[in-house]
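Take a look at the sequence and the model below. Then read on for a short tour, from single residues to the whole chain.

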Amino acid sequence: MKIDTTNAHDFINDAEIWAEIERAEAPAPELVRDVLAKARERKGLSRFETAVLLQNTAPELDYEIFSAAHDVKNGIYGNRLVLFAPLYVTNECFNRCAYCGFKADNGDLDRRTLTDEQLASEVRVLEDLGQKRLLLVYGEHPKLGAKWMAHTMQVVYDTISEKSGEIRRVNVNCAPLDVEGFRELQQTGIGTYQCFQETYHRETYKKVHLSGHKANYLWRLNALHRAQEAGIDDVAMGALFGLYDPRFEMLALLTHAAELEKEYGVGPHTISFPRMEPALGADMSYNPPYAINKHDFKKIVAILRLAVPYTGLILTTRETAEYRKELINVGVSQISAGSRTYPGAYTDPEYDRPDVQQFCVGDSRSLDEVVRDVVSQGYLPSWCTACYRLGRTGEHFMELAKKGFIQKFCHPNALLTFDEYLNDYASPETREVGKKFIQTELAKIEDEKRRSTITKRVVRIDEGERDLYF
Ligand code: SAM
Ligand code: SF4
């Protein structure tokens, strides 16, 4: 692959972003409340309005931000929460990212790339637990190119476990490819392509990306553009919080999202906001230069929800179980569960060895435990993949989302996939709680005809049919 940035778009202007942040300094309470009133209309926020919320320091107004985010999330997504698991395919990497345990100069890491058989075994374990949506994660190594990655995606789709399990959507988090490489992934049926800029601040970017392709800021900044050029219309962005000033990263994320919308008519499908976790062999990860406390991080999540109301927000198991509950309440729409962060981890009898992991996991509960807990919080777990399989992606998906589609289709599809999960994979305890919850959710549907149609489908699932969706 040839790295070429001749025609790259360079849309991050540091001075402009800082000017917005400074303009919003010490905002008056009335201004913060005006912005919150606009946010409640679910039309999103400008960079300046976002900066106003980020610059607020009055604790009581922070709680109003949380409350607005909670309401906007419920208004758009209802109580549904999408679940997925990451699957690490290789930890071989020739980049040197100062914060990551997979970096090339970490001599203590046990390097592994899964063979097809090992990958299929991992997939079967995940299928037998009830997972339907996977995020494949790769280190970057010249010997492991786009064709090989596309092949590993195919192995995942082709692996069907005896318990009738199948993976229905494969998302990918890998280093940026060229357009041709992205086309390989597109043709193999990629769901979402995910690439985090880590930091949008050039100087910091240079300091922490010491060598390898990843040292090229512009190549990475244009990754999602190239993915779109190759026909991948669900793309996902993120920043690694802890590297630089979070206010800057937030406005830069919004700039990136707006740039994609301008070019391709659709912004990111999802945004992730990993917070730096300790990673063995990566000293900086133990002491992030811009460590963020829990309150401020929750505020970041809430403000993202208000700024881009229709974009999915992904929370991973980097955060602890207790804290995840709080973050879900302020706007998260997707969570990973039962995650293991190294190649071969799901089939490893000696699971949890630090010498192969990318970073430490904060929430190590099983999928079943997470599901039970999510339900006890009043959220409806979903493994729905209908939109992707019916071609409701990219611009088309966003258009529908804005018309209240999520409540109309996603909620019933969540009920159907949850019922499948309960019948096929749940522990007796989770099944009992979950079945009651489904009845409560059905009873909440006011329109009698609609309630009856959805109830009939749930009955069909209970009678043995699978993979039904609207
Ligand atoms: N190698 C590809 C890349 O760098 O884009 C994809 C895989 S990389 C393992 C996925 C993400 O993990 C990175 O984009 C980064 O944001 C995150 N990450 C790396 N080190 C981390 C750490 N110590 N704590 C939390 N997240 C980390
Ligand atoms: Fe490699 Fe990605 Fe880790 Fe950087 S973040 S060292 S590119 S796996």
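Is Asp467 buried, partly exposed or exposed? Its relative accessible area is 23%. Buried means under 20% and exposed means over 50%, so Asp467 counts as partly exposed. Keep in mind that this is a predicted model.

Asp467 lies in the segment after α19 (448–462). Its phi is positive, about 60 degrees, although Asp467 is not a glycine.

Arg42 also has a positive phi, near 60 degrees, and it is a residue other than glycine. Look for Arg42 in the loop between α2 (29–39) and α3. Its relative accessible area is 32%, so Arg42 is partly exposed.

## Arg47 and its contacts

Move on to helix α3, which covers residues 47–55 and includes Arg47. Which residues does Arg47 touch, leaving aside its neighbours within four places in sequence? They are Glu16, Ile17, Glu20, Leu251 and Thr255.

Take Glu20 from that list. Along the chain, Arg47 and Glu20 are 27 residues apart.

## One side of helix α13

Helix α13 runs over residues 321–329. Its buried residues are Ala321, Tyr323, Arg324, Leu327 and Ile328. They cover an arc of only 150 degrees around the axis, so they sit on the same side of α13.

What covers these buried residues? The cover includes three helices, α4 (59–77), α12 (294–307) and α14 (367–376). It also includes the strands β1 (80–90), β7 (312–315) and β8 (334–336). Just after α13 comes Gly331, with a positive phi of about 130 degrees.

## The whole chain

Now step back. The protein chain has 19 helices and nine strands. Its radius of gyration is 21 Å, close to the 23 Å that the globule rule gives for 470 residues, so the chain is as compact as a globular protein of that length. The C-alpha trace spans about 60 × 55 × 35 Å along its principal axes.

Buried residues make up 61% of the 470 residues. Among contacts with a separation of 6 or more, 75% join residues 24 or more positions apart. The accessible surface comes to about 18,400 Å², and carbon and sulfur atoms hold 49% of it.

Definitions and conventions:
Residues numbered from 1 in each chain as written. Chains lettered and ligands numbered in written order. Predicted model: local features only at pLDDT ≥ 70, side-chain atom pairs only at ≥ 80, totals over all residues. Heavy atoms only, no water. Helix = DSSP H or I, 4+ residues; strand = E, 2+ residues; numbered from the N terminus. Rg over C-alpha atoms; globule rule 2.2 N^0.38 Å. Buried < 20%, exposed > 50% of the residue type's maximum accessible area, 1.4 Å probe, protein only. Contact = heavy atoms within 4.5 Å. Areas by Shrake-Rupley, 256 points an atom, 1.4 Å probe, with all protein chains shown as cover. Arc of directions from axis to C-beta.
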